[in-house]
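Please keep the sequence and the structure in view while reading.

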Amino acid sequence: MTEQLSADDWIDQGLKALARSGFTALKADPLARAMGVSRGSFYWHFADLGAFHAAVLKRWREIAAEQIIADVEAAADEPLKALLRRSFGARLDLERAVRNWAAFDAAAQGAVRAIDRRRIDYIEALLGKRALAPPTAQARAQILYWTFLGFALSGTPVPATRIQVLIDELLLMVSA
């Protein structure tokens with residue numbers, strides 16, 4: 001690479017490496033090799049590996065919750081339906097990788113807990129807009145989220161036509 005790398009370039013490369021190879025790939029040397037630069041560039045932007053890991057987790061929280069919520073809110077579709085389509089139609093390699101990382105790292109575990117809470121709160125708010133009583137919205141939000149996690153962690157490919165049938169059934173279940 002001939003241009004100067006930014007911290008965002010390193011974070012983006014880190015997210016790609018994390019999704020592809022897991023958290024053990026989040027080291028300066030292999031990332032620098034993949035980007036065709038010296039690891040000095042890494043240390044120009046990050047004080048140490050811990051600072052880099054924190055930045056990667058922060059970006060993951062942004063793209064895995066806040067960006068999705070913003071996209072859902074901007075969609076023409078009904079928000080809960082848009083959220084389910086987006087969540088169940090996405091590639092979830094990064095989701096699985098971060099959750100695996102969380103099994104070994106307290107900071108990653110904290111990020112996962114924070115994103116789980118944010119996502120559940122958002123689903124609960126969407127269900128509340130459907131005039132569900134708060135305890136019902138809370139229970140159904142938790143059930144929907146557990147359903148998503150089971151799907152995400154299974155890693156089993158599901159044809160798009162089948163996913164649409166499942167989303168329709170989920171919407172019927174939470175609306176009943």
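Predicted model: local features only at pLDDT ≥ 70, side-chain atom pairs only at ≥ 80, totals over all residues.

At the start of helix 5, the backbone nitrogen of Leu80 has a side-chain oxygen of Glu78 within 3.3 Å. Glu78 also takes part in a salt bridge with Arg130, with an N to O distance of 2.9 Å. This pair links distant parts of the chain: Glu78 lies in the loop between helix 4 and helix 5, Arg130 lies in the loop between helix 7 and helix 8, and the two are 52 residues apart. Glu78 is partly exposed at 31% relative accessibility, and Arg130 is partly exposed at 30%.

## Salt bridges

Side chains of opposite charge can pair when their charged atoms come close. In this model the count of salt bridges comes to 15. Another of them joins Arg86 to Asp71, whose closest N and O atoms are 2.5 Å apart. Here too distant parts of the chain are linked, since Arg86 is in helix 5 and Asp71 in helix 4, 15 residues apart. Arg86, at 30% relative accessibility, counts as partly exposed, as does Asp71 at 36%.

The salt bridge between Glu62 and Arg59 has its closest N and O atoms 3.7 Å apart. Both residues lie in helix 4, three residues apart, which is about one turn of the helix. An α-helix has 3.6 residues a turn, so residues three or four places apart point the same way. Glu62 is partly exposed at 33% relative accessibility, whereas Arg59 is buried at 16%. Salt bridges with shared partners join Asp8, Asp12, Lys58, Arg59 and Glu62 into one network.

## Aromatic pairs

A pair of aromatic rings is described by the distance of the centres and the angle of the planes. The model holds 10 aromatic pairs, and two of them are set out below.

| Pair | Centre to centre | Angle between planes | Arrangement |
|---|---|---|---|
| Phe42 and Phe46 | 5.4 Å | 40° | tilted |
| Phe88 and Phe151 | 5.0 Å | 45° | tilted |

Because Phe88 lies in helix 5 and Phe151 in helix 8, their pair ties together parts that are 63 residues apart in sequence. Phe151 is buried at 17% relative accessibility. In the other pair, Phe42 is buried at 0% and Phe46 is buried at 6%. Ring pairs also link Phe42 and Phe46 into a cluster with Trp10, Tyr43 and Phe52.

Arg119 is found in helix 7 and is buried, with a relative accessible area of 10%. Beyond its neighbours within four places in sequence, Arg119 is in contact with Trp60, Ala64, Glu95, Arg99, Tyr145 and Phe148.

Glu124 is also found in helix 7. Leaving out residues up to four places away in sequence, Glu124 touches Pro134, Ala137, Gln138 and Ala141. The C-alpha atoms of Glu124 and Pro135 are 9.5 Å apart in space, while the two residues are 11 residues apart in sequence.

How values were computed. Residues numbered from 1 in each chain as written. Heavy atoms only, no water. Polar contact = N/O pair within 3.5 Å; in protein donor to acceptor, adjacent residues only side chain to side chain. Helix = DSSP H or I, 4+ residues; strand = E, 2+ residues; numbered from the N terminus. Buried < 20%, exposed > 50% of the residue type's maximum accessible area, 1.4 Å probe, protein only. Contact = heavy atoms within 4.5 Å. Salt bridge = Lys/Arg side-chain N within 4 Å of Asp/Glu carboxyl O. Phe/Tyr/Trp six-rings, centres within 6.5 Å; stacked < 30°, edge-to-face > 60°.
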